[in-house]
Amino acid sequence: MTVHQLSLADARRIAVRAQLLDAARPAGLVETVRHLTLLQIDPTAAVAPTADLVAWSRLGPAYAAADLVAALGGRALIELAATIRPAEDLALYRAEMTERRDGPAVGWQARQREWVRANDACRRDILARLTAEGPLPSRRLPDTCVVPWKSTGWTNDQNVIRLLEVMSARGEVAVAGRSGRDRLWDLAERVYPDDPVVPLADALRRRDERRLRALGIARARTTKVPIEPYDVGEAGEPAEVAGVKGRWRVDPARLGQPFTGRAALLSPFDRLVHDRRRTLELFGFEYGLEMYKPAGKRRWGYYALPLLHGDRLVGKLDATADRRAGVLRVDAVHQDEPFTAEEADAVDTEIAALADWLRLDLTRG
């Protein structure tokens, strides 16, 4: 098979177009998520919840947070393992859920399975309560665990929450909705579509293909990460990018397409920048989420938003939505290189559009 030879500009434009961040905005929320494959959920909302911010970056003023609530309520979209996915994609995850429940287990998976087995009575109590009364928040479910969950993190002794998450990974329960920030749990059979389960090997292949379609260009193999892989296996076709070592996989449908860019403000969890190594290799863009750093060690801000202009990532926006004061407070616009007049105007326009969408007054620190 021919190895496609791409310039850095080619690769960047493929990535931007694939993430629906070029000038041609997508038609609607559900169609957008179907293409992107997911919206990540994160509790931090220094500017806006990341799922909403990712949707707004694509759809612009046509998007409202109520659209996501409605799509989840109508089950066109479904919450799964810290992501929001198209309902029809759940068929690509059900075989993996069965494998986690019944397949071979080693290491931490074996220890987890032993913990669930030791607390099987609690698991059955939860299923019985959900059968009778679900959907319910975790605090309404019985903690009859005889062996507590031990962790050095925040989940220590969070027995019911941890058991629900394991049961979700095994396809027994599912998030049926939310009440405020509380997840509402129910039996998976009452939440997930009754679609035929795709066999595991085929499901993994199709997930790789969908991921490459959403990313445009990616590594065949790279570092394992939680929630959603960065790599795409053998999906697509091989490619080389000028000046970047190693082989890539590219979506052939993205090759040779015209490109018209625009400006966009991105969530720190946006898939265009989520793979920090790819972001550095293709865009020359150094970025890290600094919310966990002491204030004095931050370079760009607590929740800095990457700034896209055309096919280049040009800086970071340090801003906070102060809803009590009714303002979007801009503390800094960090320019990786001095902005051209066009870039400065485009970034200012996007910042003003963000304030309008949030229904906040714009103020600069």
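This report describes selected helices, strands and single residues of a predicted model.

## Helix α1

Helix α1 covers residues 8–18. Its buried residues are Ala-11, Arg-12, Ile-14, Ala-15, Val-16, Arg-17 and Ala-18. Just after α1 comes Leu-20, which has a positive phi of about 60°.

An open sheet is built from 3 strands, and their order is β2-β4-β3. The pairing in this sheet is antiparallel. Strands of a sheet are paired through backbone hydrogen bonds, in either a parallel or an antiparallel way.

Which strands stand at the edges? They are β2 (39–40) and β3 (77–80). Each has a single partner strand, so one side of each has no neighbour in the sheet.

Strand β4 takes in residues 83–86 and is joined to β3 by 4 bridges. The two strands run antiparallel. Ile-78 has Arg-85 of β4 as its bridge partner. Helix α4 (residues 65–73) packs on the sheet and touches β2, β3 and β4. The direction of α4 makes about 85° with that of β3.

## Helices α6 and α8

Helix α6 consists of residues 107–118, and helix α8 of residues 159–169. Their axes come within 11 Å and cross at roughly 115°. The crossing is left-handed.

On the α6 side, the contact is made by Gln-112, Trp-115 and Val-116. On the α8 side, Asn-159, Arg-162, Leu-163 and Val-166 take part. By type, the residues of this contact are 4 nonpolar, 2 polar and 1 charged.

## Ala-110 in α6

Ala-110 is a residue of helix α6. Is Ala-110 buried, partly exposed or exposed? Its relative accessibility is 25%, so Ala-110 counts as partly exposed, because that class lies between the cut-offs of 20% and 50%.

Arg-100 is 10 residues away from Ala-110 along the chain. The C-alpha atoms of these two residues are separated by 10.0 Å.

Where is Arg-170 placed? Arg-170 is in the loop between α8 and β6 (173–179). Its relative accessible area is 12%, so Arg-170 is buried, because buried means under 20%.

Leaving out residues up to four places away in sequence, Arg-170 touches Met-97, Arg-100, Arg-101, Val-116 and Arg-123.

Methods:
Residues numbered from 1 in each chain as written. Predicted model: local features only at pLDDT ≥ 70, side-chain atom pairs only at ≥ 80, totals over all residues. Heavy atoms only, no water. Axes fitted to C-alpha atoms, helices over the stretch in contact; angles between N-to-C directions. Left-handed = near helix turned anticlockwise from the far one by under 90°. Contact = heavy atoms within 4.5 Å. Nonpolar A, V, L, I, M, F, W, Y, C, P; charged D, E, K, R; others polar. Buried < 20%, exposed > 50% of the residue type's maximum accessible area, 1.4 Å probe, protein only. Pairing = 2+ DSSP bridges.
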